[in-house]
Amino acid sequence: MSEREGPMSVLLLFIDGVGLGDDAAYNPWAALPTPSLNDLLSGKSLTKAAVGRHGDGVLLLETDARLGVDGLPQSATGQATIFTGRNAPKFLERHMSGLPFQRLRQFVREDNLYLQLEREGFRPAFANSYTEEYFQRKATRRGWKSVSTVAIESATAPVRMTKELLEGKAVFHDLTRRHLQTFRPDIPEITPEQAARHILHLLAEYDVVVQEFFMSDVAGHKQTPGLMEWVVETYDRFLGCVVKEKRASDTVILVSDHGNSEDMRVKTHTMNPVPTLVVGPVPPVSEVDLSAWNLTDIVPFIHRILRNGTSGEIDI
């Protein structure tokens with residue numbers, strides 16, 4: 001059982017490759033319709049111009065992904081930092097792209113959000129489901145796994161598979177199962193709203209639920225016609241449903257690991273800060289916190305929310 005009282009949980013939404021860019025035509029998060037994000041951000045888009053407080057219980061923080069290390073922020077080290085609360089680029093003395101090498105896998109495996117929560121008596125869950133085929137791949141068996149996979153495998157929390165997906169107790173990484181249908185046409189596609197409700201079902205059972213969405217990074221790199229439009233619409237609809245239908249006491253934290261899809265002039269990552277979007281009752285955030293907010297702050301922030309319960313409000 002959790003140490004806290006009352007129905008309150010934290011949903012950590014990790015969205016890969018989304019920086020806080022300019023309000024410009026080359027930024028899909030500004031140029032394409034995002035009615036849910038606009039509603040949260042006082043009519044603004046998910047850009048640098050929207051940073052700040054928006055009404056009661058909505059805060060957009062500019063988040064440093066460089067972490068004091070030269071070079072473009074990258075996936076493996078950015079994600080390792082988000083999932084552990086420790087500065088992975090500083091540990092490696094460089095940014096690491098793609099999947100983590102053995103040294104970084106061990107860095108994640110030895111201490112991460114799931115292990116910390118379990119030690120404190122909380123119940124965490126990773127909402128993403130895996131296919132049986134994934135664990136049969138030679139690369140997977142050799143240890144080539146994402147940071148999120150390494151983290152959940154180190155904990156006692158279950159790894160969710162196709163069975164849980166079909167039961168509505170998990171979501172596929174792309175939310176709607178669109179990609180899954182390319183090799184499992186027997187599994188029906190769902191709407192972003194249905195995916196949101198599956199997540200909310202888990203949120204009612206667990207203290208912290210994590211979901212990873214990486215099609216945003218794929219779309220930024222590949223720039224396949226129509227893909228970015230699908231990503232923006234799908235995620236905006238998903239987020240809108242989560243925020244609308246969550247319990248008032250729940251807190252949603254959306255964060256990214258590095259910039260990419262906010263600047264379609266390039267196919268690489270960017271040096272832009274990334275968003276930390278907080279929706280819900282949270283403990284006060286000081287001016288000092290705001291001035292130096294970075295990816296190492298996400299894990300301790302979750303701990304603060306759980307310790308404080310629903311007391312306090314966003315205070316910038």
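Me: Which residue forms a salt bridge with Lys 169?
Reply: In this predicted model, the closest N and O atoms of the pair are 4.0 Å apart. Lys 169 itself is partly exposed, with a relative accessible area of 37%. The partner in this salt bridge is Glu 167.

Me: How far apart are the closest N and O atoms of Glu 233 and Arg 237?
Reply: Both residues lie in helix H13, 4 residues apart, which is about one turn of the helix. Glu 233 is partly exposed at 45% relative accessible area, and Arg 237 is likewise partly exposed at 32%. Their side chains form a salt bridge, with the closest N and O atoms at 3.5 Å.

Me: How are H12 and H13 oriented to each other, roughly parallel or roughly antiparallel?
Reply: Helix H12 covers residues 215-222 and helix H13 residues 227-245, and their axes are 9 Å apart. The crossing of the two helices is left-handed. Their packing angle is about 155°, and angles over 145 degrees count as roughly antiparallel. H12 and H13 are therefore roughly antiparallel.

Me: Is Gln 211 buried or exposed?
Reply: Gln 211 is placed in strand S5, residues 208-213. Its C-alpha atom is separated by 7.7 Å from that of His 173, 38 residues away along the chain. The relative accessibility of Gln 211 is 0%, and the cut-off for this class is under 20%. Gln 211 therefore counts as buried.

Me: What is the accessible area of the nonpolar surface patch that includes Leu 99?
Reply: Leu 99 is found in the loop between helix H4 (88-92) and helix H5 (102-110). With a relative accessible area of 36%, Leu 99 is partly exposed. Leu 99 forms the patch with Phe 101 and Trp 144, and together they have an accessible area of about 270 Å².

Conventions. Residues numbered from 1 in each chain as written. Predicted model: local features only at pLDDT ≥ 70, side-chain atom pairs only at ≥ 80, totals over all residues. Heavy atoms only, no water. Patch = residues over 30% accessible without salt bridge, like charges linked within 9 Å, V, L, I, M, F, W, Y side chains within 5 Å. Areas by Shrake-Rupley, 256 points an atom, 1.4 Å probe, with all protein chains shown as cover. Buried < 20%, exposed > 50% of the residue type's maximum accessible area, 1.4 Å probe, protein only. Axes fitted to C-alpha atoms, helices over the stretch in contact; angles between N-to-C directions. Parallel < 35°, antiparallel > 145°, perpendicular 65-115°, else oblique. Left-handed = near helix turned anticlockwise from the far one by under 90°.
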